[in-house]
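Hi,

Here is the structure I promised to pass along. Have a look at it first, and then read on for what turned up.

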Amino acid sequence: MTYPRIKDLREDMDLTQEDVAKYLHCSQSAYNHYEKGIRDLPTSALIALSTLFNCSTDYILGISDKK
């Protein structure tokens, strides 16, 4: 599964992959793999990203178009 919305949300906040990786306490490479769908997004990271981006987990996962 790819997560294109996390890239869009990150760019909307003018954050780098490194910025978000530090927030998630992971490497930039691991975060890059989340964005590209190479690695599944762990639940803890999903929740942290929804907090960072002030949106629902359903929005990040593409289940809903409502942030």
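By a nonpolar core I mean a set of buried Ala, Val, Leu, Ile, Met, Phe, Trp, Tyr and Cys residues joined through side-chain atoms within 4.5 Å, where buried means under 20% relative accessible area. Please keep in mind that this is a predicted model.

With that in hand, let me start from the inside. The largest nonpolar core has 16 residues, and I6, Y31, L41, L49 and I60 are the ones that touch the most other members. At least two residues of this core come from each of α1 (4–12), α2, α3, α4 and α5 (57–61). Helix α4 gives the largest share, four residues. L41 is worth a click: leaving aside residues up to four places away in sequence, L41 touches Y3, Y34, L46, L49 and I60.

Next, the helix pairs. Which helix packs against α2 at an angle of about 120°? That is α4 (residues 43–53), whose axis lies 10 Å from that of α2 (residues 17–24). An angle of this kind makes α2 oblique to α4, and the crossing of the two is right-handed. On the α2 side the contact is made by V20, Y23 and L24, and on the α4 side by A45, A48, L49, T51, L52 and F53. Sorted by type, the residues of this contact are eight nonpolar and one polar, with no charged ones.

α2 also meets α3 (residues 28–36): their axes come within 8 Å and cross at roughly 105°. Because angles of 65 to 115 degrees count as roughly perpendicular, α2 is roughly perpendicular to α3. Here α2 brings Q17, E18, V20, A21 and L24, while α3 brings Q28, Y31, N32 and E35. The residues of this contact divide into four nonpolar, three polar and two charged.

Finally, a closer look at α3. Its buried residues are A30, Y31, N32, Y34 and E35, and what covers the buried residues of α3 includes α1, α2 and α4.

Happy viewing, and do write back with any thoughts.

Best wishes

Key:
Residues are numbered from 1 along each chain as its sequence is written. This is a predicted model: local features need pLDDT of at least 70, side-chain atom pairs count only at pLDDT 80 or more; totals for chains, interfaces and linings use all residues. Side-chain values use heavy atoms; hydrogens and water are left out. Axes are lines fitted to C-alpha atoms, for helices over the stretch in contact, and angles run from 0 to 180 degrees between N-to-C directions. Angles under 35 degrees count as roughly parallel, over 145 as roughly antiparallel, 65 to 115 as roughly perpendicular and the rest as oblique. A crossing is left-handed if the near helix is turned anticlockwise from the far one by less than a right angle, and right-handed if clockwise. Contact means heavy atoms within 4.5 Å. Ala, Val, Leu, Ile, Met, Phe, Trp, Tyr, Cys and Pro count as nonpolar, Asp, Glu, Lys and Arg as charged, and the others, Gly among them, as polar. Buried means under 20% relative accessible area, exposed over 50%, partly exposed in between (1.4 Å probe, protein chains only).
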